[in-house]
Amino acid sequence: MEVELTAGPGSRVQHARFGPGVIIGVKYAQYVVTFMNSGIEEIDKTDPLFEVLYAENQTTELETTSDVERSLLKILRLWGGFSEIVPIGDRWSKGTMILQPADAGLKPKEIPLEVFFHKIVMVRDRLRVLEQQINSHKLLSDDDKVNMQQYITRIYGSLTTFNVLFRDKEHWFTGEKGD
């Protein structure tokens, strides 16, 4: 029996009618999605107009709305209780990044690529947490959430330059299509 993974909160999606969005909740047969143009919508998992562009937090389990689970997840996020291990590309392992000033009299700065890569991954993880906190914020309007989400998507787009460092494409930054 093959187990089917369900895209989780933070997954980037595209819908032919509603445009780009982010999954903020998972139900038995639907995803709860915040779309850039139309706000929050429930979309059937089998909707042929719906496509998961970049799956995050994939699981075989369904998200629940238990207060205890939400509280536990919030505590874990606040204290950095869980972090995905993201491997650097093999060709960059044990490499060095050299920042060479134009002035030949100044010394270059050498940074181990693993250190630089770790900082890039930390930025990505913190953006994801920010994104989830915005999407689940009780006092923000849907318009405010969509507006902030657009900025986060643009930040991801700006960080796509660093995708070359990731070993696996599934960990890449993705922004708006066409960036």
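Are Phe 117 and Phe 166 buried or exposed? Both are buried, where buried means under 20% relative accessible area, exposed over 50% and partly exposed in between, with a 1.4 Å probe and protein chains only. We will come back to this pair after a walk through the fold.

This is a predicted model, in which local features need pLDDT of at least 70 and side-chain atom pairs count only at pLDDT 80 or more, while totals for chains, interfaces and linings use all residues. Residues are numbered from 1 along each chain as its sequence is written, and side-chain values use heavy atoms, with hydrogens and water left out.

**The chain as a whole**

The protein chain has three helices and seven strands, arranged along the sequence as β-β-β-β-β-α-β-β-α-α. Helices (H or I, at least four residues) and strands (E, at least two) are DSSP runs, numbered from the N terminus. Of the 179 residues, 34% count as buried. The accessible surface comes to about 11,800 Å², and 55% of that belongs to carbon and sulfur atoms; the areas come from the Shrake-Rupley method with a 1.4 Å probe, and for residues only the protein chains shown count as cover. A contact means heavy atoms within 4.5 Å. Among contacts between residues at least 6 apart in sequence, 49% join residues at least 24 apart.

**The five-stranded sheet**

Five strands make an open, antiparallel sheet in the order E4-E3-E2-E1-E5. Its edge strands are E4 (39–44) and E5 (50–54), each of which pairs on one side only. From one strand to the next, the twist averages 40 degrees. Two strands pair if DSSP finds at least two bridges between them. Some of the pairings are set out here:

| Strands | Sense | Bridges |
|---|---|---|
| E1 and E5 | antiparallel | four bridges |
| E2 and E3 | antiparallel | five bridges |
| E3 and E4 | antiparallel | six bridges |

Individual residues show how the strands line up. Val 13 has Val 52 in E5 as its bridge partner, Ile 23 has Val 33 in E3, and Thr 34 stands opposite Ile 40 in E4. E2 and E3 form a hairpin with three residues between them, and another hairpin joins E3 to E4, also through three residues.

Why is E3 described as largely enclosed by the rest of the structure? Five of its six residues are buried, so the strand is largely enclosed. Phe 35, which lies in E3, is buried with a relative accessible area of 0%. Leaving aside neighbours within four places in sequence, Phe 35 is in contact with Val 13, His 15, Phe 18, Gly 19, Pro 20, Gly 21, Glu 41, Ile 43 and Val 146. One of these, Gly 19, is 16 residues from Phe 35 in sequence and 6.6 Å away in space, C-alpha to C-alpha.

**Helices against the sheet**

Helix H2 (residues 113–136) lies across E1, E2 (19–26), E3 (30–35) and E5, running at about 80 degrees to E2. Helix H3 (residues 142–158) packs on the sheet too, touching E1, E2, E3 and E4, and its direction makes about 110 degrees with that of E1. For these angles, axes are lines fitted to C-alpha atoms, for helices over the stretch in contact, and values run from 0 to 180 degrees between N-to-C directions.

**Cores and aromatic rings**

In soluble globular proteins, nonpolar side chains tend to be buried together. A nonpolar core here is a set of buried Ala, Val, Leu, Ile, Met, Phe, Trp, Tyr and Cys residues joined through side-chain atoms within 4.5 Å. The largest core has 17 residues, and those with the most contacts inside it are Phe 116, Phe 117, Phe 166 and Phe 173. H2 and H3 each supply at least two residues of this core, with H2 giving the most, seven residues. Not counting residues up to four places away in sequence, Phe 116 touches Met 97, Ile 111, Phe 162 and Leu 165. A second, separate core of 10 residues includes Ile 23, Val 33, Ile 43 and Phe 50.

The whole structure holds six aromatic pairs. Rings of Phe, Tyr and Trp (its six-membered ring) pair if their centres lie within 6.5 Å; planes under 30 degrees apart count as stacked, over 60 as edge-to-face and the rest as tilted. Back, then, to the opening pair: the ring centres of Phe 117 and Phe 166 are 5.0 Å apart and their planes are at 70 degrees, so the pair is edge-to-face. This pair links distant parts of the chain, with Phe 117 in helix H2 and Phe 166 in the segment after H3, 49 residues apart. Phe 117, Tyr 156, Phe 166 and Phe 173 form one aromatic cluster.
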